[in-house]
Amino acid sequence: MMTPSDLARCFDRIFGAEIDTKIQTDKRRLFFAPGRVNLIGEHTDYNGGHVLPCALSLGTRALAAPRADRRCRVASLNLPGEGVAEFSLDAAWDVAETGWSRYPRSVFSIFERHGLSLARGMDILYYGDLPAGAGLSSSASIEVLTGYVARELGGLEISRVYLALLAQEAENERVGVQCGIMDQFAVAMGKRDRAILLDCGALKHRYCALSLPGARLIITNSNKPHSLAASKYNSRRRECEQALAALRRSLNIRALCEIDAATFERHARRIDDGVIRRRARHVVSENQRVLEAAAFLENGDLEGFGGLMYASHASMRDDFAISCPEMDLLVALASSVPGVYGSRMTGGGFGGCTVSLVREEAVDEFRETLERGYRSQTGYAPSFYLCETSDGAMELPVRDS
Ligand code: GLA
C-alpha cells in the first residue's frame, strides 16, 4: 500500500531535481479516481442502451502540483521505464504519441479544444492498483482523474458528467478507441454501495442499491495478455453500425437499443449478413437483460440476477464473439461451484476479467476451483478481487491517516 507520504517522496525524487522553486510543496494535492466493473450490459453503451456498472475501490491516485509556467510533466509509478513526459499546454496534439502519457496528455488537449483554458501547467505523479488492460477501466480512470485534477487545480467549473464526456472524447479521438460513455461515466459518477443504471442514449442515470444479502461479487482476472483488443473493439462498433443501417430500411430508429427483442426478431431478416445479425441480436437482448437485472437487484433476487449474468456471457460468446477460451473456462468453472449465482466476462472483451456473484460460504471453494482448473488448463494463474465499491473521482487528504 502506497501512503501519501510515499507518493510525496517519489514525487520529489522524480520531479524534484528539476523544479526547485517552481513547485511549492504546500500546494500539492492528492486525488483518486476509481476503476469500474460492469455487472451487466456489454457493448450496449454506444448503441444507445443501458449498462449497470459500479465504481471500484481499486483505482488510480495522482499527486499533483501547479507550476508557474504552461508546461505539464506526468509520470506513472506503475511504468517507471516510461520516465517523465513533458509537454506544453499550447502544443498541438502529437499524433505520434503512443506511450502511456497519451492518456493524461489526451485530456489536456481535449480541454484546450473546448476552450477550457488552464492558466498554468502542472506536474502529476500517478499510481494505480488496477490491473491494466483487464477490462476494469484503468484508462478511463487515468483520463477522468486527469480531468478532475485539471478542473481542481485550474479552478474550472465543469460538471462530473461533462468531465466524463471530455474524457470519452479524449479516448475516442486521441487514444483511438471508439468506446461509449460507460467507463468514464462510472469513474466520474460512481457511488459507494451502489450500481449505476445508466441509459446511455439519454444520458440519464439512477443508482441501484448494491445490497447482496449473504453474497459477494468477485472479479477474477484471467491474466491473459490480450492483443489487438482496441482494433477488435472498433470493428465490433462498425458491425453494429452496419446492423443499424440495415434495420433503418424498415425501422425509424437512431440506435439499435431503441427496439426490443421481439421487434428485432421481426425485422432481423433485413440484415442479410448472418454475422452482423448476430451482433445486433446480442446488443438488443443484452439491453433488455440490463433492465431485468436492475429489477432483480432492486428486489434482492440474486438467482434471477445470476441467471442473466450467465445469459449475458453466452450472448457475448455466441452472438457478439468477444469472449475467448480462457473467459469461457472461468465462467464454466464458476458455474460448477454450488453457491455461485452467476458469472460473466466483464468489459470490452477478448480477455480480461470475469465478474461472479457468489454466496459468501462458497467464496473459498470458488477460488480454489478456479485457481486449480484454470491454471491446469491454461498455464495462467488467475487473480481474485473481492469487489469493494467506491464513490467517483475525489480529492483525498494529502497527509497519511
Ligand atoms: C469498453 C468501453 C465501453 C463499453 C465496454 C463494453 O469498456 O470502453 O465504452 O463499450 O467496453 O461494454
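Q: What kind of contact do the side chains of Arg9 and Asp6 meet in?
A: Side chains of opposite charge can pair when their charged atoms come close. A salt bridge here is a side-chain nitrogen of Lys or Arg within 4 Å of a carboxyl oxygen of Asp or Glu. In this predicted model, Arg9 and Asp6 form such a salt bridge, at 2.7 Å from N to O. Because they are three residues apart in helix H1 (residues 4-19), Arg9 and Asp6 are separated by about one helical turn; helices (H or I, at least four residues) and strands (E, at least two) are DSSP runs, numbered from the N terminus.

Q: How many salt bridges does the structure hold, and how many does the rule find across the interface of domain 1 and domain 2?
A: The structure holds 27 salt bridges, and two are found across the interface of domain 1 and domain 2. Elsewhere in the list of pairs, the side chains of Glu298 and Arg206 meet in a salt bridge of 2.6 Å, N to O.

Q: What is the area buried between domain 1 and domain 2?
A: Buried area is the accessible area (1.4 Å probe) that two parts lose on being put together, summed over both. For domain 1 and domain 2 this area is about 2700 Å², with carbon and sulfur atoms giving 65%. On the side of domain 1, Ile40, Glu42 and His43 lose the most area to domain 2, together 24% of what that side buries.

Q: Which residues are closest to the ligand?
A: A residue is near a molecule if one of its heavy atoms lies within 4 Å of it. The ligand is surrounded by 13 residues, the closest being Glu42, His43, Asp45, Asp183 and Tyr233. A polar side-chain atom of Asp183 lies 2.6 Å from an oxygen atom of the ligand, while for His43 a backbone N or O atom lies 2.7 Å from a ligand oxygen atom.

Conventions:
Residues are numbered from 1 along each chain as its sequence is written. This is a predicted model: local features need pLDDT of at least 70, side-chain atom pairs count only at pLDDT 80 or more; totals for chains, interfaces and linings use all residues. Side-chain values use heavy atoms; hydrogens and water are left out. A polar contact is a pair of N or O atoms within 3.5 Å; within protein, one must be able to donate a hydrogen and the other to accept it, and residues adjacent in sequence count only if both atoms are side-chain atoms.
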